[in-house]
Amino acid sequence: MEAFQTFERAMLDGAGLNRHAVFDLDALPAAVAASVRASCPDIERYRQLILIGHGGRRMWQALQESGIDSDDPIDDFTLATVRAWFSQCLPQQRFEILYPGPAAIGLQTLGSLAGWHHPTPLRIGIDHQWGTWFAYRALVLADTSFEASQPEAGGAACDSCAGKVCIAHCPAGALAGGQFDFGTCAAYRKQADSLCQSTCLARVACPVGSQHRYCDAQIAHSYARSLQAIKRFY
Ligand code: B12
Ligand code: SF4
Ligand code: SF4
């Protein structure tokens, strides 16, 4: 049983896909295992589930350097990187990418198992290192035999946050009482004069991990996409 070592990490880290957690399929909690099984009829072919995330700014920078031209650059860059990673670093291993893809698997639940996700008033996960400036980029089934990851330690950053400045910085009051009200946030974001068309003022105000805050272009890209989704579906 090998650990997920420097050799395997380097290529993903270089692409900014710098958070990795390996789960043994037969050790997953029943509800998570069921959602994974529902997304893959051939699950017996695999032993492990590999969760890959990005933290901070490197992924966006690497994506720009790659010159990728796509309507969905983050997912397409991730898919290309993960496929190249298997082909170069793990050429003998069978794998199947569940996410990005249509599978309905709660990524924050997996993030909790990995010790990455702790709740915030914003509903975006937080940890002490990256703050809220990380996301889940890929979920891969593989017949690998890596050592399963231990949950990252660190605890819930919001528990020790005295100021809770995110709440006061939301111009819509969508975090009033420390509870995120998606309807209030979405209605405000859709307004023509909204200050949150391409950002979240509450998230930007959070002091935890602020050195890893995405550059303005990445924030604008991701929030413009979520606003499009909100306008289309909510
Ligand atoms: C649907 C969805 C949305 C919907 C939310 C609608 C709603 N009312 O739920 C929309 C499209 C609006 C959305 C927006 C965003 N999302 Co979103 N979203 C998802 C998605 C695909 C599924 C969530 C879900 O339904 N889970 C299933 C249910 C059963 O899970 P659950 O345990 O009941 O719910 C948990 C989470 O879903 C979460 N949650 C519940 N409601 C909401 C609402 C929002 C806005 C968020 C962020 C989380 C959240 O809290 C629960 C406790 O852990 C996940 C990816 C995934 N596959 O998990 C990303 C995800 C939650 N989103 C994420 C992000 C970053 C965002 C945005 C900030 C992106 C952006 N930069 O604009 C915005 C927030 C914008 C805003 N404030 O308006 C990240 C969070 C990363 C993190 N560090 O935790 C995820 C995990 C995607 C990823 N690839 O990393 N999102
Ligand atoms: S400002 Fe405080 S309460 Fe709000 S998300 Fe950041 S750490 Fe959590
Ligand atoms: S996007 Fe704007 S309205 Fe929504 S929670 Fe963030 S600050 Fe509040």
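This is a predicted model: local features need pLDDT of at least 70, side-chain atom pairs count only at pLDDT 80 or more; totals for chains, interfaces and linings use all residues.
Good morning. I begin with the shell around ligand 1, whose residues divide into 12 nonpolar, eight polar and two charged. In this classification, Ala, Val, Leu, Ile, Met, Phe, Trp, Tyr, Cys and Pro count as nonpolar, Asp, Glu, Lys and Arg as charged, and the others, Gly among them, as polar.

Residues are numbered from 1 along each chain as its sequence is written, and chains are lettered from A and ligands numbered from 1 in the order in which they are written.

Let us return to ligand 1. It is surrounded by 22 residues, of which the closest are L107, G125, A135, S222 and S226; a residue is near a molecule if its C-beta atom, placed from the backbone, lies within 6 Å of it. At least two residues of this shell come from each of α5 (107-114), β4 (134-142), α7 (182-190) and α9 (216-233), and α9 gives the largest share, five residues. Helices (H or I, at least four residues) and strands (E, at least two) are DSSP runs, numbered from the N terminus.

What is the overall arrangement of the chain? The chain is divided into domain 1 (6-142) and domain 2 (161-233), with bounds that come from an automatic or database domain assignment. The centres of these domains, taken over C-alpha atoms, are separated by 24 Å. Their contact takes 15 residues from domain 1 and 17 residues from domain 2, where two residues are in contact if their C-beta atoms, placed from the backbone, lie within 7 Å. Each domain also supplies at least three residues to the shell around ligand 1.

Where does ligand 2 lie? Ligand 2 lies between domain 1 and domain 2, because both give residues to its shell. Among the residues that surround ligand 2 are T120, P121, C158, C161, K164 and C206. This shell divides into 10 nonpolar residues, one polar and one charged.

Is K164 buried or partly exposed? With 16 other C-beta atoms within 10 Å, K164 is partly exposed. A residue is buried if 20 or more other C-beta atoms lie within 10 Å of its own, exposed if 12 or fewer, and partly exposed in between, with C-beta atoms placed from the backbone.

The largest nonpolar core has 34 residues, and L49, I50, L51, I52, A138, L139 and V140 have the most contacts inside it. Such a core is a set of buried Ala, Val, Leu, Ile, Met, Phe, Trp, Tyr and Cys residues joined through C-beta atoms within 7 Å. The largest share of this core, seven residues, comes from β4. A second, separate core of 11 residues includes C166, C170, C200 and C206.

Leaving aside residues up to four places away in sequence, A138 touches I52, T78, V82, I97, Y99 and P100. The peptide bond from Y99 to P100 is cis, with omega near 0°, and P100 is found in the loop between β3 (95-99) and α5.

Finally, the chain as a whole has nine helices and four strands. Buried residues make up 29% of its 234 residues. Thank you.
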